[in-house]
Amino acid sequence: MSQAVGKRGTDRTEKRIHVALPVRITYFDGDAKPRLEMACTYDISSHGARVTGLRCVKEAGEILVVERGRSKAYCRVVWIGESTSPLRGQVGIQCVEAEKTLWLAELREMEEAYDPIVRDTLLYRMNSAAGNRSGNRRTYPRFAADGAAELLRRGAANYLDGTIKDVSETGCLLTTESGILPGTDLKLVLKVANYELSIKGQVRHAVVGVGLGIEFREIRKGDRAILQHLLRKLADREKSAEEKNNQQKAKSAGVLS
């Protein structure tokens, strides 16, 4: 059974930003009388949001009036997190007024604002066991990742396409058909699974047949938590694959003994 009630994914291709914003919710009781409740966003997109603390919602399809500052729009409940799932307490809403964007100012601000990546205050520090798996002894371990990258050189007008090979909390390795020299400053859009990150960095090394090693310098506001979550998922996937491989080796050794 799915983790949520109702249809999800109507705006999954949109950029989602993890940010907590207080909102006023007007709902209608059994007598069609308006009632007010306060809630908070978990993440936002151009036409929807995930909301927590919303106790009034009973089923998907309900119509609510959502207010944020001077912005107000009618929204439909598209899914409700099940009590036994990680989405417990969360509700997915989608604006039914196509011309309105509740979070226009917030999305514009976060699209343009970046936080520095300081090596002493990490986005996500793996424990020593994670860092030692598969011989990975980097201070900031890298994890294999399948995804696409868009690269924009300072002063250039067009993005270049690239392919992600691995990623860490402070950098990534990717390949591209265009040659880029070490020391080049880049703006990157990294797309892995359903995640999209906007990062500013610099090419630290470029090796033919290997790829570009890029050091992250700044990350877009709201993307810090997304990178943290992505790294955790990649670490768990690597651990699971290693455990499965060890089980297969043990099984093979048992058959041969």
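Colleague: How much space lies in the largest cavity?

Modeller: About 40 Å³. A cavity here is a set of points on a 1 Å grid over the protein atoms alone where a 1.4 Å probe fits but cannot get out. Grid points are joined across faces, edges and corners, and the volume is the space filled by probe spheres set on the points. Keep in mind that this is a predicted model, where local features need pLDDT of at least 70, side-chain atom pairs count only at pLDDT 80 or more, and totals for chains, interfaces and linings use all residues. Residues are numbered from 1 along each chain as its sequence is written, and side-chain values use heavy atoms, with hydrogens and water left out.

Colleague: How many cavities of 30 Å³ or more does the structure hold?

Modeller: One.

Colleague: And which residues line the largest cavity?

Modeller: Ser-46, His-47, Gly-48, Ala-49, Cys-75, Ile-93, Cys-95, Thr-101, Leu-102 and Trp-103; lining residues have an atom within 4 Å of a point. The elements giving two or more residues to that lining are S5 and S8. Strands are DSSP runs of E, at least two residues, and helices are runs of H or I, at least four, numbered from the N terminus.

Colleague: What's the lining like by class?

Modeller: Six nonpolar, four polar and no charged residues. Ala, Val, Leu, Ile, Met, Phe, Trp, Tyr, Cys and Pro count as nonpolar, Asp, Glu, Lys and Arg as charged, and the others, Gly among them, as polar.

Colleague: Why is S5 largely enclosed by the rest of the structure?

Modeller: Because four of its five residues (48–52) are buried, meaning under 20% relative accessible area with a 1.4 Å probe, protein chains only.

Colleague: OK, which strands does S5 pair with?

Modeller: S4 (residues 34–45) pairs with S5 in the antiparallel sense over five bridges, and five bridges also join S5 to S8 (residues 90–95), again antiparallel. Two strands pair if DSSP finds at least two bridges between them.

Colleague: What is the bridge partner of Arg-76 in S8?

Modeller: Gln-94. S7 and S8 run antiparallel and are joined by five bridges.

Colleague: And what does S7 (residues 71–81) do with S6 (residues 63–68)?

Modeller: They pair antiparallel over six bridges, with Val-66 opposite Ala-73. S6 and S7 form a hairpin with two residues between them, and Gly-69 in the turn has a positive phi of about 65 degrees.

Colleague: Last one: how many helices and strands are in the chain?

Modeller: Three helices and 15 strands. Buried residues make up 42% of the 257 residues.

Methods: Buried < 20%, exposed > 50% of the residue type's maximum accessible area, 1.4 Å probe, protein only. 1 Å grid on protein atoms, 1.4 Å probe; cavity = no way out; pocket = protein on both sides within 12 Å on 5 of 7 lines; lining within 4 Å.
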